[in-house]
Amino acid sequence: MEIPSKYDASQVESKWYNYWMKHDYFHSEPDEREPYTIVIPPPNVTGVLHMGHMLNNTIQDVLIRRARLLGKNACWVPGTDHASIATEAKVVAKLKEEGIDKNDLSREEFLKHAWDWTEEYGGVILEQLKKLGCSCDWDRTKFTMDDNMSEAVIQVFIDLYEKGLIYRGYRMVNWDPEAKTTLSDEEVIHEERQGNLYYLQYKIEGSSDTLTIATTRPETIFGDTAICINPNDERFSHLRGKKAIVPICNRVIPIIEDEYVDVEFGTGCLKVTPAHDENDKNLGDKHKLEVIDIFNEDASLNSFGLHYAGKDRFVVRKDIVNELEGNGVLVKTETHINKVGTSERTKAVIEPRLSDQWFLKMEDLVKPAIKSVLEDRDIKLFPKKFENTYRHWMENIRDWNISRQLMWGQQIPAYYYGDGKEDFVVAQNVEEALEKAKTVTGNENLTTADLVQDKDALDTWFSSWLWPMSVFDGIRNPENEEIKYYYPTNDLVTGPDILFFWVARMIIAGYEYKNEKPFENVYLTGLVRDKQRRKMSKSLGNSPDALKLIEAYGADGVRVGLLLSSAAGNDLMFDEDLCQQGKGFGNKIWNAFRLIQGWEIDETISQPETSKVGLDWYEAKFQKALIEIEDYFSKYRLSDALMAIYKLIMDDFSSWMLEIIKPAYQKPIDAKTYNSVIEAFENNLKVLHPFMPFLSEEIWQYISKRTPDEALIVAKWPELKTINKEIINEFEFASEVISGIRNIRKQKNIAFKDAIGFSVINNEKTHTTFDGVIAKLGNLEGVEIVNEAIEGALTFRVKSNEYFIPMVGAIDVEAEMIKLTEELNYTEGFLKSVRKKLSNERFVNNAPEQVVASEKKKEADALAKIDTLKTSLSNLR
């Protein structure tokens, strides 16, 4: 079969992906094999492939392909998340472009638009993952809003409610005024921002006295219901029991005392706005203060804002400062750095807001999840450093606000039958709710028309925390074959940014509903950053188009580029040159195969001893590398595993082994050597396949005609065998000898076609195993062992062995002596500096043992080199 001169990724990738799909290699069904299961972190249904997805899914594909080669029943479940806030925002924006206001639509009408959007764009990212080579079981693709998935979510809500763990409460929540919904604490990103501290003067009722407060939010004075002073602060003792007048609105409010006030901050007086600050709300509850909410749901001011009603909060801030200054109320302004909460999704500044919401009690639910990770180690986090983050979050957990003021998502299954906030039942559907309502009220005349379902939707994470179970229908049907076979899953690959959002919650749900961990290992990838260490984002314009990278470098090249510098848990400094390196690696492998396939095979000639030795050595090197690769995989150090394979193929296989066995120019190769090198090449392809699936399958199929059962994707991972360590050590020495010969040839311009004499004083008593290889790769007339130095020869040393090459042709003796003298002077100077360091007792006694050993080795090497240089100079003289 003729092999193309160049590897064409664009042709190869589509060919083999279609072939793999056609033969159902990705599909899994329960059988007698050991299962290996990964569930994909479901990307947002609105998403497109970005660099984080590329890294995360490449790692998952490496793990799943290796599991397949190990003979396991590999199942990688793909899917997407409905992403309530993000998707609803996109649908609202689309409707706005069409002149439609979301508020003018019924829930059913809006959901139709949302489903239309999902059907049009929802599969984009999954199709893009196929371009990357992801071998997901596409027959199992799930969506968190699928009917069966939604049923599981509602079932869990009802169960937790009936256990008394879900409750409705009037609490201070995080309000996203852009998405017009609440957020959990974990969905709020706190950013340091420079703002101002405004000092405002409040009059004291019935006197000419004033007091000054400091605030970062002057627009909230419309919600002030008290001024608070510290009872131990003598500066304000004269104000006890008095009242203050709020500027502009002229509301009279009490002056209260509480040790909560920090006497060192600002002026030592605190304005209390219970509706718009959690700490103020606690003070308000304690002192029974009035609560005045001054904001609309979009964070514009309502009627309590008087003449500012309808204006945005930040516009009002500027305007009210001018008014306060004009009224003589603004005493001064200072710059001030404070932490501002922003929405993870919309980036809007969060408003604390009092609201009726649904909450899940977390205190008892988290206990098994803490024990599993931090005590019993049933679930392992890689890298281990994230255990501290996990501990901090889990031990400081608060009740989870699970309701969202959105239409897109699973609607909360609470049905109201009366006017009161507590007049509701929780049920799977309206029919079941009706029966419950009749029982509760004793009113048999109730109909479904009398019931009104809660308008809120559940937090997106309330569906995705069930993901490892619900994808196998383990909530609705806990005894089904698939959940018993595939659960718990093996590895989870995700980013540390959702360690709490998703990972911890899946662990909590797993123990609550299966009394078992949902996965064994969590591999936490780093963030993908650019060369300047900036996080890649569209807004910065530093994130390359993922599909264009694949088009330019091939999927294998991009996969290698991403993994070459991606240690677990550490951020990846992405450089497009790494993809070029990955592509170059692929080309090197392709050309190595073309070289081998270009050799003529002769069945009649016997195998040269050099070839046998070279193949034995490579088998030992391969086994040594295989042990390292297995170890790296066990520690989830995938980049190290790839680098071990890279060095094995680039250095040991291509640069050394092929050179050792290569037949002379226009001469045939013996069949035994050829078959052995093909076997070695096939083993290389097996360990390479998880990282570079397309290139490896293409070459595998070129090697010989294969049936579908013999495809590389379902081949057998190489077996570990006993390593011949002696032959590895012998070759390491021989390779230094060959390098020494090549250096002299290069320095003295001795053409490689010219065979040269070669002698050695064998002080090291090295074996002659590789003498034939040294002679072949150095083009020597032979290797002669001598007892004395050979006069007039060029020399070099490897350890205590001294090697001699007779001078060939004319040589400028004077120039050579000058060159050697300069090198001798430099080496003697270097030796002096090393010995100075070793003579320093403080250094020797305090430096790490390996550092001192390194310096002593430098001393020994320098001495050997000086000896060789002096001998060479003596010979030239």
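# Questions about a predicted chain

Biologist: Which helix is the place of arginine 317?

Modeller: This is a predicted model, in which local features need pLDDT of at least 70 and side-chain atom pairs count only at pLDDT 80 or more, whereas totals for chains, interfaces and linings use all residues. Residues are numbered from 1 along each chain as its sequence is written, and side-chain values use heavy atoms, with hydrogens and water left out. Helices (H or I, at least four residues) and strands (E, at least two) are DSSP runs numbered from the N terminus. Arginine 317 falls in the run of residues 313-326, helix H8.

Biologist: What separates the C-alpha atoms of arginine 317 and proline 218?

Modeller: Leaving aside neighbours within four places in sequence, arginine 317 is in contact (heavy atoms within 4.5 Å) with Tyr198, Thr216, Arg217, Pro218 and Glu219. Along the chain, arginine 317 and proline 218 are 99 residues apart, but their C-alpha atoms are separated by 6.4 Å.

Biologist: Stepping back, what is the radius of gyration of the protein chain?

Modeller: The chain has 26 helices and 31 strands, and its C-alpha atoms fill a box of roughly 115 × 65 × 50 Å along the principal axes. The radius is taken over C-alpha atoms, with a globule rule of 2.2 Å times the number of residues to the power 0.38. A compact globule of 877 residues would come out near 29 Å, but this chain has 37 Å.

Biologist: What share of the residues of the protein chain count as buried?

Modeller: Buried means under 20% relative accessible area, exposed over 50%, and partly exposed in between, with a 1.4 Å probe and protein chains only. Out of the 877 residues, the buried share is 53%.

Biologist: Which residue takes a positive phi just after H5?

Modeller: Helix H5 (residues 124-132) has Ile125, Leu126, Gln128, Leu129, Lys130 and Leu132 buried. These residues pack against helix H1 (9-22), helix H2 (51-69), strand S3 (79-80), helix H16 (546-564) and helix H21 (693-703). Just after H5, phi is about 100° at glycine 133.

Biologist: Where does proline 488 lie?

Modeller: Most residues other than glycine have a negative phi, and most peptide bonds are trans. The bond joining tyrosine 487 and proline 488 is cis, with omega about 0°. Another cis bond runs from phenylalanine 382 to proline 383, with omega near -5°. Proline 488 lies in the loop between helix H14 (481-486) and strand S22 (489-494).

Biologist: Is glutamine 666 buried or exposed?

Modeller: Glutamine 666 is not a glycine, yet has a positive phi of about 60°. Its place is the loop between H19 and strand S27 (669-670). Because its relative accessibility is 66%, glutamine 666 counts as exposed.

Biologist: And how does arginine 377 count, by its relative accessibility?

Modeller: Arginine 377 has a positive phi near 60° and is placed in the loop between helix H9 (367-375) and S15. Its relative accessibility is 31%, so arginine 377 counts as partly exposed.

Biologist: What is the relative accessible area of alanine 555?

Modeller: Alanine 555 is found in helix H16. Not counting residues up to four places away in sequence, alanine 555 touches Glu13, Lys131, Leu132, Ile550 and Phe694. Alanine 555 is buried because its relative accessible area is 0%.

Biologist: Last one: is leucine 615 buried or exposed?

Modeller: Leucine 615 has its place in helix H18 (residues 609-634). Beyond neighbours within four places in sequence, leucine 615 is in contact with Gln607, Met657, Ile661, Thr673, Ser676 and Val677. At 12% relative accessibility, leucine 615 counts as buried.
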